[in-house]
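Please read it with the sequence and the 3D view at hand.

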Amino acid sequence: MIPFDGQFAENIVLPLAQAAYDSTQAPQGYTLNQTAFEILANPAHPAVQAHLARLAPLQRTKR
Amino acid sequence: MLQSMFDQPKQPQRATSDAAVRTLAADPNANLNFGWFCLDKPNQRLIVAFRGTEFIHDWLDDFDFVPAPYAPVPGRGTVHEGFQLVYLAVRDNLIALWNKYSGGYSEILITGHSLGGALCPLATLDLLNVNQNLSPVVYTWAEPRVGHDDFVTFFNTHVNVCYRIVNVWDVVPHLPPDIAQYEHEGSQVTIDSGFSLDVVHNHVLGTGYVPGMAMWNKDHPLEVTRHFGTMAVAALVGQVR
């Protein structure tokens with residue numbers, strides 16, 4: 001197994017994990033629609049709709 | 001739990017240019033963006049980065065332990081149903097991006113925080129099933145337990161590089177509890193951001209993991225980190241005093 005590289009984790013991976021929360025701009029060093037593409041969920045997926053339908057009304061409206 | 005993943009985050013969602021994808025949105029207020037798929041051309045590496053939920057209290061309140069068979073690769077184990085449903089909601093788009101852009105790449109870095117970390121093993125085995133020549137490198141942050149023993153064994157057999165970075169004060173990596181038969185995959189790297197009673201403080205990347213990772217690196221100099229494997233072997237054969 002490749003040994004854990006803390007510098008790689010801190011300087012390369014951690015910024016990418018943080019950038020995943022920001023839908024307004026591509027991760028630093030990447031260009032939107034050229035080297036960075038949004039991963040978009042499909043809430044219309046039948047499995048998701050079925051799960052949401054099973055939730056109690058309170059849970060469904062919870063913010 | 002699932003609902004909290006689709007709630008709108010603080011940052012406004014940028015409109016996508018892909019009209020076909022936009023029409024899939026049943027709820028106009030739902031947050032469809034689950035992260036980024038990137039091409040690291042200089043290093044010939046693909047990157048998948050998943051976000052977690054910004055509503056951690058709601059997520060913890062709604063947490064359940066319901067298991068389900070791993071759907072993308074039938075017969076390969078049992079996983080948390082809620083995590084899998086979130087993954088299934090992003091799977092079509094992820095596979096489409098993979099099919100469109102992965103040509104010529106052999107390594108993929110998959111990362112994510114919190115619930116995004118839980119999506120990492122689910123996506124890794126799915127992408128491996130699509131392309132068995134892929135070399136995945138998985139780094140997760142504050143990842144909860146995702147699967148039962150059968151899934152974890154399958155994962156560990158097929159994924160050589162998987163590190164789970166865990167803040168020692170964070171409660172999320174302890175969920176679902178092992179009494180519910182959920183286990184962790186990969187190897188854990190424990191960091192210490194400093195004690196706090198605040199659950200969110202300990203869990204959030206900026207307060208729980210950025211300082212904790214910096215402290216870890218301060219305590220583990222680069223040369224030791226990078227050559228730890230070699231040093232261990234050398235020590236075994238008596239070449240290191």
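In this predicted model, strand β6 (residues 135-141) of chain B pairs with strand β7 (residues 161-167) of chain B in the parallel sense, over five bridges. Within this region, Thr140(B) is placed opposite Arg164(B) of β7(B).

- Strands of a sheet pair through backbone hydrogen bonds, in either a parallel or an antiparallel sense.
- Seven strands make up an open sheet with mixed pairing, in the order β1(A)-β1(B)-β2(B)-β5(B)-β6(B)-β7(B)-β8(B).
- The edges are formed by β1 (36-40) of chain A and β8 (187-191) of chain B, each of which pairs on one side only.
- On average, and with direction ignored, neighbouring strands of this sheet are turned by 20° against each other.

**Helices across the strands**

- Helix α4 (residues 81-101) of chain B lies across β1 of chain A as well as β1 (33-40), β2 (45-50) and β5 (107-113) of chain B.
- The direction of α4(B) is at about 150° to β1(A).
- Helix α8(B) lies across β5, β6, β7 and β8 of chain B, and runs at about 95° to β8(B).

**Helix pair between the chains: α1(A) and α8(B)**

- Helix α1 (residues 6-19) of chain A packs against helix α8 (residues 205-219) of chain B at an angle of about 165°, and their axes are 9 Å apart.
- Because of this angle, α1(A) is roughly antiparallel to α8(B).
- The two helices, α1(A) and α8(B), cross in a left-handed manner.
- Residues of α1(A) in this contact include Leu14(A) and Ala17(A), while those of α8(B) include Tyr209(B), Met213(B) and Trp216(B).
- By class, the contact of α1(A) with α8(B) comprises nine nonpolar, five polar and one charged residues.

**Helix pair within chain B: α4(B) and α5(B)**

- The axes of α4(B) and helix α5 (residues 115-130) of chain B come within 10 Å and cross at roughly 50°.
- The helices α4(B) and α5(B) are therefore oblique to each other.
- Their crossing, that of α4(B) and α5(B), is right-handed.
- Among the contacting residues are Phe83(B), Tyr87(B), Arg91(B) and Trp98(B) of α4(B), together with Leu119(B), Leu122(B) and Asp126(B) of α5(B).
- By class, 13 nonpolar, two polar and two charged residues form the contact of α4(B) with α5(B).

How values were computed. Residues are numbered from 1 along each chain as its sequence is written. Chains are lettered from A and ligands numbered from 1 in the order in which they are written. This is a predicted model: local features need pLDDT of at least 70, side-chain atom pairs count only at pLDDT 80 or more; totals for chains, interfaces and linings use all residues. Side-chain values use heavy atoms; hydrogens and water are left out. Axes are lines fitted to C-alpha atoms, for helices over the stretch in contact, and angles run from 0 to 180 degrees between N-to-C directions. Helices (H or I, at least four residues) and strands (E, at least two) are DSSP runs, numbered from the N terminus. Angles under 35 degrees count as roughly parallel, over 145 as roughly antiparallel, 65 to 115 as roughly perpendicular and the rest as oblique. A crossing is left-handed if the near helix is turned anticlockwise from the far one by less than a right angle, and right-handed if clockwise. Contact means heavy atoms within 4.5 Å. Ala, Val, Leu, Ile, Met, Phe, Trp, Tyr, Cys and Pro count as nonpolar, Asp, Glu, Lys and Arg as charged, and the others, Gly among them, as polar. Two strands pair if DSSP finds at least two bridges between them.
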